[in-house]
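Colleague: Can you walk me through this one? Start with whatever I need in order to read it.

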Amino acid sequence: MKARLSGGHFRMLNEKLYTCSGDEALNYFKENPELFNVYHAGYQEQMLHWPEKPVNIITKWLKDHSPSLIVADFGCGDARLARSVKNKVWSLDLVAHDPSVIACDMSNTPLEASSVDVAIFCLSLMGTDYPSFLQEALRVLKPRGWLLIAEVKSRLDPTTGGADPNNFLKAICELGFTIESKDFSNKMFVLFYLKKKEKQNSVDKEINWPELKACIYKRR
């Protein structure tokens, strides 16, 4: 019974995070910080059923690159990534579980402009205003800095109501990135590796961002 109640709370919180803005989510958890623990307990329970976890692939990618790269982990959760690599990692989320995490809206972080080498969104493009999160990543990244995105596959599958991944990537490129590689091999998630352009567009262009549907987990 306790597990079912916990699962119900997780599904409610999960749906809320997908259907509100980053600022609304930040204020919600400021008022109810204990619910952040409920959410992440449910999230970890869901991850137990995934044969492979995207955070592990991203961790390996970082270990294969220089430990001197400075990383911003947007929506870090339990800050597992920071504990798994030698890099300096800025762990960012809506609630600070421990002193290593910076609590903030993902569209308005305290990081300085052009200060990080790698920006990571590991299953964390959740708000209705997710383009503003990517805009913030563009701001804090150095020129030619890396943007790594892991996203639930169904959100980018047009055959099941998801967005067209080509339209999603087109919008990100118009924002100021180039695609380095794409990985659709996993059945649960997709991975995109992009780089910030050396020179940014001088004229702001209206970008047609596709809507990313909420990822609603089933009862187990």
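Modeller: Helices (H or I, at least four residues) and strands (E, at least two) are DSSP runs, numbered from the N terminus. This is a predicted model, in which local features need pLDDT of at least 70, side-chain atom pairs count only at pLDDT 80 or more, and totals for chains, interfaces and linings use all residues. Residues are numbered from 1 along each chain as its sequence is written, and side-chain values use heavy atoms, with hydrogens and water left out.

Colleague: In what order do the elements run from the N terminus?

Modeller: The order is α-α-α-α-β-α-β-β-β-α-β-α-β-β. That comes to seven helices and seven strands.

Colleague: Which residues of α4 are buried?

Modeller: Buried means under 20% relative accessible area, exposed over 50%, partly exposed in between (1.4 Å probe, protein chains only). In α4, residues 54-63, the buried ones are P54, V55, I58, T59, W61 and L62. They fall within an arc of 160 degrees seen down the helix axis, so they line one face of α4. The arc is that of the directions from the helix axis to the C-beta atoms.

Colleague: And what is exposed on the other side of α4?

Modeller: K60 and K63.

Colleague: What covers the buried residues of α4?

Modeller: The cover includes the strands β1 (71-74), β4 (116-122), β5 (141-152) and β7 (189-196), along with the helix α5 (80-84).

Colleague: Different topic. What percentage of the whole protein is buried?

Modeller: Of the 220 residues, 50% are buried.

Colleague: And what box do the C-alpha atoms fill?

Modeller: Roughly 55 × 40 × 35 Å, taken along the principal axes.

Definitions and conventions
Contact = heavy atoms within 4.5 Å.
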